[in-house]
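The report below turns from model confidence to helix packing and then to aromatic pairs.

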Amino acid sequence: MVNTATFYGCYRLLLPALPYFAAYTLAFLVSMAGSFLMNTYFTYRTRPSWRKFALFPLTNVTNYLVQSAGLFALVDWLGMSEKAAPLVAAAVAVPFTYLLSRRILVPPGARRAPAPDPTPAPAPDPAPEPDPGRGTAGPAER
């Protein structure tokens with residue numbers, strides 16, 4: 001949500017000075033670094049690394065392609081407002097970006113579901129011992 005707000009704020013600031021697609025592209029690039037840090041620290045709770053930073057643009061390329069196609073289709077084919085179309089296109093791209101980001105930022109072992117607990121269930125309580133005061137006499141009473 002924060003990254004979307006950052007992107008959209010930049011887009012709206014650039015829109016009066018640039019064609020909508022140029023404003024979109026620049027806003028997208030500006031928000032990429034913040035997206036990387038937020039995803040590593042908050043979404044996936046992993047440590048950033050240069051390797052992850054180098055691979056992270058792959059998630060943004062996917063996001064960019066899905067959003068760009070959506071933006072173009074919404075504005076040029078469906079006649080949607082240039083102001084609203086980026087938000088709709090971003091919503092469509094979220095699942096694609098999430099899955100690819102997770103694959104890049106989370107180590108393979110951490111993506112698996114937790115293994116079942118290997119400890120056996122506790123054994124049932126043993127049968128209660130007979131009460132010496134009831135029915136049977138103990139050795140001292142015979």
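## Confidence, helix packing and aromatic pairs

In this predicted model, the chain averages a pLDDT (the predictor's confidence in each residue, from 0 to 100) of 81, and 77% of the residues score at least 70. Confidence is highest in helix α1 (residues 2-14), at a mean of 90, and lowest in helix α5 (residues 108-111), at 69. Local features need pLDDT of at least 70 and side-chain atom pairs count only at pLDDT 80 or more, while totals for chains, interfaces and linings use all residues. Residues are numbered from 1 along each chain as its sequence is written, and side-chain values use heavy atoms, with hydrogens and water left out.

The axes of helix α3 (residues 50-77) and helix α4 (residues 85-105) come within 8 Å and cross at roughly 155°, so α3 and α4 are roughly antiparallel (over 145 degrees) to each other. The residues of this α3 contact with α4 comprise 18 nonpolar, seven polar and one charged.

The structure holds 15 aromatic pairs, with ring centres of Phe, Tyr or Trp (its six-membered ring) within 6.5 Å.

Trp50 and Phe53 both lie in helix α3, three residues apart, about one turn of the helix.

How values were computed
Axes fitted to C-alpha atoms, helices over the stretch in contact; angles between N-to-C directions. Helix = DSSP H or I, 4+ residues; strand = E, 2+ residues; numbered from the N terminus. Parallel < 35°, antiparallel > 145°, perpendicular 65-115°, else oblique. Nonpolar A, V, L, I, M, F, W, Y, C, P; charged D, E, K, R; others polar. Phe/Tyr/Trp six-rings, centres within 6.5 Å; stacked < 30°, edge-to-face > 60°.
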